[in-house]
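User: I am new to this structure and would like to understand the terms used to describe it. Please set each value against its criterion.

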Amino acid sequence: MPIFLLIMVNRNVLKKLSSFELEKYVIEGNRFTPEAVQMAFEVLEERGRTFTDEEKISIQNIIQNKRESEIAKKDEEIEDWKDHITTDSGAVRLYSRALLLSSSMFLGTFYGAFLLSLNFIKLKKYASAVFTMVFGIIYIPFQYYTYRFLMENGFSSSSRYSPEILPLILGPLILIIIWVLMMPKRLVYRAQSFILPVILGIAMLILIFINYQELFSSYFLLRLTKL
């Protein structure tokens, strides 16, 4: 819906309210959006409500404070999603978000889930570690059967946006969401050594190319060999 139509709809809704109800929109501490406060103010004026200069200033301050609060909240949400990696030697060592995302795409969600579980264990968040590991284990058959369903029901295509890649990218994205929701907010960390991920990666590569019972047929590396 275009923004101007949305504004008109909201305005029409407010016009159906009584003046007594609209007065609640222009008092300090109300829970309404700044746009709703502005529209309620305008509707009240249209109905003949006379506001003193002090009241107008107060209402505009309410609207401005709400807008600033919304902007601050959005900035905080953006900050929560940022990856706070550093080179500070005093920061805790964790496997980086970039490593989890990239390795999960090539080596599977289980691989990324294992590394993320190690991060949680390092931070002594054991419940999160168990949850993440269980997710990684469950995702192996989920990806397998979802891929088979898409292939057997004609959803596959030669397009780069073929639906069959959905289970391939969904797992890594969920891991990032788990990171954001379960990690301490805005945790500053430095990258952990690549030695263990490389060893585990070699083991995972062997499993992928053995492809027992075609369990890893949907994995990106095997798909590349078929191009």
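User: What makes Arg49 count as partly exposed?

Analyst: This is a predicted model. Arg49 has a relative accessibility of 26%. Buried means under 20% and exposed means over 50%, so Arg49, at 26%, counts as partly exposed.

User: Why is the pairing of Arg49 with Glu23 called a salt bridge?

Analyst: The closest N and O atoms of Arg49 and Glu23 are 2.7 Å apart. The criterion asks for a side-chain nitrogen of Lys or Arg within 4 Å of a carboxyl oxygen of Asp or Glu, and the pair is therefore a salt bridge. In general, side chains of opposite charge can pair when their charged atoms come close.

User: Which parts does the pair of Arg49 and Glu23 tie together?

Analyst: Arg49 lies in the loop between helix H3 (34-46) and helix H4 (53-81), while Glu23 belongs to helix H2 (residues 19-23), so the pair ties together parts that are 26 residues apart in sequence. Glu23 has a relative accessible area of 24% and is partly exposed.

User: What makes the pair of Arg186 and Asp80 a salt bridge, and what does it tie together?

Analyst: The closest N and O atoms of Arg186 and Asp80 are 3.1 Å apart, which is within 4 Å, so the pair meets the criterion. Arg186 lies in the loop between helix H8 (166-182) and strand S2 (189-191) and Asp80 in helix H4, so parts 106 residues apart in sequence are tied together. The structure holds 5 salt bridges.

User: How does the reach of H4 compare with the expected value, and what do its buried residues pack against?

Analyst: H4 has 29 residues and reaches 42 Å from its first C-alpha to its last, close to the 42 Å expected at 1.5 Å a residue. Its buried residues are Ile59, Ile62, Ile63, Lys66 and Asp80. They pack against H3, helix H5 (97-107) and H8.

User: Why is Ile210 called exposed, and which nonpolar patch includes it?

Analyst: Ile210, in helix H9 (residues 195-210), has a relative accessible area of 58%. That is over 50%, so Ile210 is exposed. The surface patch is formed by Phe194, Val198, Ile202, Ile206, Ile210 and Tyr212, with about 660 Å² of accessible area together.

Definitions and conventions: Residues are numbered from 1 along each chain as its sequence is written. This is a predicted model: local features need pLDDT of at least 70, side-chain atom pairs count only at pLDDT 80 or more; totals for chains, interfaces and linings use all residues. Side-chain values use heavy atoms; hydrogens and water are left out. Helices (H or I, at least four residues) and strands (E, at least two) are DSSP runs, numbered from the N terminus. Buried means under 20% relative accessible area, exposed over 50%, partly exposed in between (1.4 Å probe, protein chains only). Patches are made of residues with over 30% relative accessible area and no salt bridge: like charges are joined within 9 Å, nonpolar side chains (Val, Leu, Ile, Met, Phe, Trp, Tyr) within 5 Å. Accessible areas come from the Shrake-Rupley method with a 1.4 Å probe; for residues, only the protein chains shown count as cover. The expected span of a helix is 1.5 Å times one less than its number of residues. Contact means heavy atoms within 4.5 Å.
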